[in-house]
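Subject: Handover of a structure for your review

Dear colleague,

Please find the structure below, passed on to you for your own work. The notes that follow it set out what was found.

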Amino acid sequence: MQILQYLINGISIGAVYAIIALGYTMVYGIAKMLNFAHGDVIMVGAYISFCVTNYLGLPAIVSILAAMIVCTVLGIIIEALAYKPLRGTSSLAVLITAIGVSYFLQNAAQLIWGSAPKNFTSIVTFKPFSLAGGELVITGEVIITIVISVLIMVGLTLFTGKTRMGKAMRAVSEDRDAAQLMGINVNQTISMTFAIGSALAAVAGVLLCSTVPTLMPTTGSMPGIRAFTAAVIGGIGSIPGAMLGGILLGVIETFSKKYISTEFSDAIVFAVLILILLVKPAGLLGKQVQEKV
Amino acid sequence: MKKVFALVMAAMMVVAMFAGCGSSSSADAGTIKIGMTGPLTGGAAIYGTAVEAGMKIAVEEINAAAGEDGLKIAFQSQDDEHDGEKALNAYNTLKDWGMQFFAGAVTTGPCLQIAPETVEDQIFMMTPSGSSDKIANSGSNIFQMCFTDPNQGASAAQLVYDQQMATTIGIIYDNSDDYSKGLMQGFKTKAAELGMEIAIETAFTADNKSDLSTQVTQCKDAGCDFVFLPFYYTEAAQVLTYADKIGYEPTFFGCDGMDGILSMEGFDTSLAEGLALMTPFNPDAPESQEFVAKYQEMMNGEIPNQFAADGYDVIYAIYNACVATGVDGATSAADACAKLEEYFASCTFDGLTGTGMTWNEAGMISKIPAAVIIQDGKYVAM
């Protein structure tokens, strides 16, 4: 029974990583860049949701929509101001810029909302399920997070597979120049990717803070890095891979805390990452792409 | 481009020169200079800004009461962002300003960086809230206003024993934080002396503290009816929220870092009902009201925490010592330091954070530990 409780705890945090990882993987798969500011967009989303529920007194669902709208706009602005001018330059320049954007967002958040941590009120209002006489507790957040992450995964897979815009995204991902020659507006497609990725970040932010209530300007950075790891484990660029990687990472983290050491959980998680990459360099579900020289 | 850069640099230097003039022109015998560094921005800013505001209130009160001929205080604060390197720069800036007494730093890391410098410069140092025992042990010129971590942990264990609060004890602590480790060790040593058994001891680190559900579940599984939480309220809020979700209701017991949990924005204070904590300062006590009112006026209605009160007390302690030993603005920092060292070895001080405070020769404080329990969203003395 005990082991089940830890498994649930692991899946709970893992599902949050999975949603964050979906955003990472989506942007990487299409724009071919690591958006290290993704974790901080999550934090902004959580703050917006917090403000809407706590200061304006509006219901949770409105706060999520508001967070998604603000983050979408923010994502498009970041892309237009910070990444678009660097398109075509070395990927290192874009990476460093992304780190810069990350710091900018953290410090801006501190300026706007202050450095004192806020306690996020969970959006889930129904009571936890108690099984086996209270020995096993499944909180509402776990269920909601898993349901939403599966929905997002399925939605994204359908979107990139079936819709016109989704097909354009895959085309841009495969060969940017050829896509442009075929009449696809590459800039617009990449902006769209950022818009979707940032809207996902807003949802992730709300769910992250519903699971772990502490909200401060650095809230997004550590989960962001873990989710990036999850995306790499699952195979960066692969949508189901991000989901798998996220859940796996959460479970490994929780089990290593329980059975090995609460302090070395990070070391163990990253050791697993190295092992997986040694065996499968493209990640669990990643495609091995031959580079033409 | 280079020309523009050079011009901007030149302009900045001129401004800096004037800024320097402005602050150093106020040197006279009737004014002592007290400097402070602390995290005024960054992740730990909540502590730095609280100490700064508490100190400013004390300085204003003293200067208003001093009148025409009395001894006044010139006060300057510098931001160290809770970073050792920046703290040294901030300290050097204060020295250039002509600081005689150093009333910092706020957090332990920067305190340990600056402490050897003050020993070399022979500048009197009293930290309001740096609580590692290593700080006071760095030199004879260094004093602390707050308890050292092991002492606080030990008094917490004594209190738990005296009040018979626990049968099965669990401890969750932050193994990447000196403060938390010091408290935990103090508590554990004292608990062992008193014959109290600790059923489980589980830790987290700064990097993996975003999810503490495993640690709480471990305490639940071990059947603990008492959980000691020697860390800050940010993480404690997480522990309390998760414990509530899984229906786990032991007695939670925190230290002074827990102070502030009730004013945390968005926190459901009903979760903290029954939470006990060690804190030297109770904002709900009648003798604190005047200070609370002034603080709220300065800080947009925020309730002061113990850091603010520590800061306030440090300024009064230094000022009282100066008046008693005849130190004024013309005394050199080294002479003032020697006189204050001697004074603090034998004085007693009454302040917001306690009465009858004394210091031992290492510079560690001794005051009666006070604990409160949260009832109906308020601190009630235990």
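Two strands are taken as paired if DSSP finds at least two bridges between them. With that in mind, strand 14 and strand 15 of chain B form a hairpin with two residues between them. In the turn, D376(B) has a positive phi of about 50 degrees. The two strands run antiparallel and are joined by four bridges, and Q375(B) has K378(B) of strand 15 as its bridge partner. Please note that this is a predicted model.

Confidence

The predictor assigns the complex an ipTM of 0.79 and a pTM of 0.78. For chain B, the mean pLDDT is 88, with 93% of the residues at 70 or more. Residues 20-26 of chain B have a pLDDT below 50, and this stretch makes six contacts in the model beyond near neighbours in sequence. Where pLDDT is low, the predicted coordinates should not be read in detail.

With strand 9 (residues 251-254) of chain B, strand 10 (residues 276-278) pairs in the parallel sense over two bridges. Here A276(B) is the bridge partner of F253(B). With strand 14 (residues 371-375) of chain B, strand 10 pairs in the antiparallel sense over three bridges. In that pairing A276(B) stands opposite I373(B).

The five-stranded sheet of chain B

A further open sheet in chain B has five strands in the order 2-1-3-4-5, and its pairing is parallel. Strand 2 (72-79) and strand 5 (142-144) of chain B stand at the edges with a single partner strand each, so one side of each has no neighbour in the sheet. Strand 1 (residues 31-38) and strand 3 (residues 101-102) of chain B pair in the parallel sense over two bridges, and I34(B) stands opposite F101(B) of strand 3.

Helix 2 of chain B packs on this sheet and touches strand 1 and strand 2 of chain B. The direction of helix 2 makes about 165 degrees with that of strand 2 of chain B. Helix 4 (residues 108-121) of chain B also packs on the sheet, touching strand 1, strand 3, strand 4 (124-127) and strand 5 of chain B. The direction of helix 4 makes about 165 degrees with that of strand 4 of chain B.

Helix pairs in chain A

Two packed helices are described by the angle between their axes and the distance between the axes. In chain A, the axes of helix 9 (residues 221-234) and helix 10 (residues 239-260) come within 7 Å and cross at roughly 120 degrees. Helix 9 and helix 10 of chain A are therefore oblique to each other, and their crossing is right-handed. Residues of this contact include R226(A), A230(A) and I233(A) of helix 9 and G241(A), G245(A) and L248(A) of helix 10. By class, the contact has eight nonpolar, five polar and one charged residues.

The axes of helix 2 (residues 38-54) and helix 4 (residues 91-113) of chain A come within 8 Å and cross at roughly 20 degrees. Helix 2 and helix 4 of chain A are therefore roughly parallel to each other, and the crossing is left-handed. Among the residues in contact are M43(A) and Y47(A) of helix 2 and L105(A) and W113(A) of helix 4. The residues of this contact divide into six nonpolar, three polar and one charged.

The contact between the chains

The contact takes 29 residues from chain B and 32 residues from chain A. On the side of chain B that touches chain A, helix 2 (45-66), strand 7, helix 8 and helix 9 (233-245) of chain B each supply at least two residues. The residues on that side of chain B divide into eight nonpolar, 16 polar and five charged.

With kind regards

Methods:
Residues numbered from 1 in each chain as written. Chains lettered and ligands numbered in written order. Predicted model: local features only at pLDDT ≥ 70, side-chain atom pairs only at ≥ 80, totals over all residues. Contact = placed C-beta atoms within 7 Å. Nonpolar A, V, L, I, M, F, W, Y, C, P; charged D, E, K, R; others polar. pLDDT = per-residue confidence, 0-100. Axes fitted to C-alpha atoms, helices over the stretch in contact; angles between N-to-C directions. Parallel < 35°, antiparallel > 145°, perpendicular 65-115°, else oblique. Left-handed = near helix turned anticlockwise from the far one by under 90°.
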